[in-house]
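Here's a quick briefing to read with the model open beside you. Take the topics in any order you like.

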Amino acid sequence: MKKVSEYYVVLTDVVASRNIPDRKVFKTVFDRAIQQINIALANELRMPMQGWKGLDEAATLIKNPACLYQLIDMLNTLLAPEQMRVVMVKGAVELPQTTNITQADGPAFHQAASLMSSLKASGLLLAANTGSKQTDLLLQLNINALQLLKSSWTSRQRLLYASYLKEGNQEAVAKSLEVTQQTVSKTLKTINAAQVQQLESDLQQWLNDQFK
């Protein structure tokens, strides 16, 4: 008998997946991205992220929505230039006795699938149903705005920004990516890195406070 409890279901789907030029190559990149997320967010996931119903879909259960933005941003950074649309729904889930999420079931998954259909029609990247309309609105406004802004970045710009967040200074980024510090500085200014970093920091603080 499966255990039924309330969890946060996260479903992801690649935007315009039919336009992916080499689906075999993308599958390898997608699987690698999932592995990296499962390692980086191991303590935040109730069930590991795993391929869902198709080549370009994945699902996971998260313990706390405070990790939602990190999960979404990692996906989009690792899969750039492809973008992911994501839905998160809090609801009843029937947990299997294994760690295979494809064996999980329950109303939350059906609600998430329905929400994904609405999200596709909207052209946005995130839809949420946490049981609080105000929380959902703030989540959607902030995460959609940031991820749509970053969707205009090139893969190289995303890589450089991620490296800057990790290294903390331009000299280390330049050395790591084997480019000049002038290139690093110019790129960071072009993408408004300081402002984006502040917005992401503020959003993460709000998520931490909201979902203590």
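What follows covers the cores, a surface patch, ring pairs and salt bridges.

This is a predicted model, in which local features need pLDDT of at least 70 and side-chain atom pairs count only at pLDDT 80 or more, while totals for chains, interfaces and linings use all residues. Residues are numbered from 1 along each chain as its sequence is written, and side-chain values use heavy atoms, with hydrogens and water left out.

**Nonpolar cores**

- The largest nonpolar core has 44 residues (a core being a set of buried Ala, Val, Leu, Ile, Met, Phe, Trp, Tyr and Cys residues joined through side-chain atoms within 4.5 Å).
- Helix H2, residues 68–79, gives the most to this core, with 6 residues (helices are DSSP runs of H or I with at least four residues, strands are E runs of at least two, and both are numbered from the N terminus).
- The residues with the most contacts inside that core are Ile62, Leu68, Leu71, Met88, Leu139 and Ile143.
- Leaving aside residues up to four places away in sequence, Met88 touches a set of residues including Tyr8, Val10, Ile62, Leu115, Asn129 and Leu139 (contact means heavy atoms within 4.5 Å).
- There's also a second, separate core of 19 residues, with Tyr7, Ala108, Phe109 and Leu119 among them.

- Leu137, Leu138 and Leu141 make a nonpolar surface patch of about 260 Å² (patches take residues with over 30% relative accessible area and no salt bridge, joining like charges within 9 Å and nonpolar side chains, namely Val, Leu, Ile, Met, Phe, Trp and Tyr, within 5 Å; areas come from the Shrake-Rupley method with a 1.4 Å probe, and for residues only the protein chains shown count as cover).
- Leu137 sits in helix H4, residues 133–150, and counts as partly exposed at 46% relative accessibility (buried is under 20%, exposed over 50%, partly exposed in between, with a 1.4 Å probe and protein chains only).
- Over in helix H8, residues 193–210, you'll find Asn208, partly exposed at 34%.
- Asn208 and Ala66 are 142 residues apart in sequence, yet 5.3 Å apart in space, C-alpha to C-alpha.

**Aromatic pairs**

- The structure holds 3 aromatic pairs (rings of Phe, Tyr and Trp, the last by its six-membered ring, pair if their centres lie within 6.5 Å; planes under 30 degrees apart are stacked, over 60 edge-to-face and the rest tilted).
- Phe26 and Phe30 are stacked, 5.5 Å centre to centre with 15° between the planes, and both are buried.
- About one helical turn separates Phe26 and Phe30, because they are 4 residues apart in helix H1, residues 23–40.
- Trp153 and Tyr161 have ring centres 5.1 Å apart and planes at 70°, so this pair is edge-to-face.
- Trp153 is buried at 9%, and Tyr161 is buried at 2%.

**Salt bridges**

- The structure holds 5 salt bridges (a side-chain nitrogen of Lys or Arg within 4 Å of a carboxyl oxygen of Asp or Glu).
- Arg85 bridges to Asp13, with the closest N and O atoms 2.9 Å apart.
- Arg85 is in strand S4 (residues 84–95) and Asp13 in strand S1 (residues 3–14), so the pair ties together parts 72 residues apart in sequence.
- Asp13, Arg85 and Lys120 are linked in a network of salt bridges.
- Lys150, buried at 1%, forms a salt bridge with Asp73 at 2.8 Å and one with Glu200 at 2.8 Å, N to O.
- Glu200 lies in helix H8 and Lys150 in helix H4, so that pair ties together parts 50 residues apart in sequence.
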